[in-house]
Amino acid sequence: MKDPQNNTTAIAPTIDALDWSKGDGLLPVIVQDAATLRVLMLGYMDRAAYAATLQQGLVTFYSRSKGRLWTKGEQSGHVLEVVSLETDCDADTLLVLATPRGPTCHLQRASCFPTAPAGVLAELDALIETRERERPEGSYTTRLFDGGIRRIAQKVGEEGVETALAGVVQDDEALLGESADLLYHLIVLLRARGLSLADVEAVLRARGG
């Protein structure tokens with residue numbers, strides 16, 4: 001299994017700590033996007049698949065239809081890079097947080113569950129990251145990045161003032177709209193500094209509420 005510097009948690013249940021007896025040697029595995037928490041897919045692992053997952057850092061299943069080990073994305077390249085693994089209270093089901101490299105579903109969707117919910121802010125953060133990297137012409141986000149950090153910071157300040165004013169003298173709809181604008185520009189500022197929303201979440205998590 002990869003080390004934490006490669007975004008993979010080194011701590012995971014040992015093979016012998018899992019209950020392989022209930023499903024004829026197979027454990028159901030729920031895979032979630034580590035960034036958005038969207039459920040991506042359900043698969044099954046046997047002992048060998050679990051061992052391969054730990055060793056390679058890529059989600060590997062036992063394919064019941066193929067009758068062999070199957071690393072997700074082995075043909076398409078749309079692999080699932082493991083971030084963490086944990087078991088449920090009965091040690092007979094696994095939850096994997098992973099970073100998807102491309103669409104998970106064979107229908108080219110992000111998830112095998114077409115309406116699986118995800119964190120809206122995390123999705124926005126991912127979209128802004130893409131805008132920063134690709135700089136599509138005509139995009140407002142591209143114009144912000146092209147304007148530089150000072151301009152982005154100025155926009156955050158403006159949106160902050162407008163949000164505060166809305167909180168005092170405007171209705172709820174106006175406050176919510178200004179709050180959305182503030183959060184968007186703040187995420188752009190973080191990305192311009194090479195940071196992400198996940199970095200802010202880590203600070204909040206460390207503070208423990």
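## Terms and model

Ala, Val, Leu, Ile, Met, Phe, Trp, Tyr, Cys and Pro count here as nonpolar, Asp, Glu, Lys and Arg as charged, and the others, Gly among them, as polar. The model is predicted.

## Second largest pocket

On that scheme, the lining of the second largest pocket splits into five nonpolar, seven polar and four charged residues. In total, 16 residues line this pocket. Nearest its centre lie Trp70, Lys72, Ser76, Thr104 and His106. The space inside is about 270 Å³.

## Largest pocket

The largest pocket has a volume of about 1,100 Å³. Its lining counts 31 residues, and Asp33, Ala35, Thr99, Ala126 and Glu129 are the closest to its centre. By class, the lining holds 14 nonpolar, six polar and eleven charged residues.

Where does the largest pocket lie? Domain 1 (1-113) and domain 2 (120-208) both contribute lining residues, so the pocket sits between them. Three elements, β6 (94-100), α2 (120-134) and α6 (197-207), each supply at least two residues of the lining. Of the elements, α2 gives the most, with seven residues.

Technical notes
Residues are numbered from 1 along each chain as its sequence is written. This is a predicted model: local features need pLDDT of at least 70, side-chain atom pairs count only at pLDDT 80 or more; totals for chains, interfaces and linings use all residues. Side-chain values use heavy atoms; hydrogens and water are left out. On a 1 Å grid over the protein atoms alone, a cavity is a set of points where a 1.4 Å probe fits but cannot get out, and a pocket is an open set with protein on both sides within 12 Å along at least five of seven lines; lining residues have an atom within 4 Å of a point. Grid points are joined across faces, edges and corners, and a volume is the space filled by probe spheres set on the points. Helices (H or I, at least four residues) and strands (E, at least two) are DSSP runs, numbered from the N terminus. Domain bounds come from an automatic or database domain assignment.
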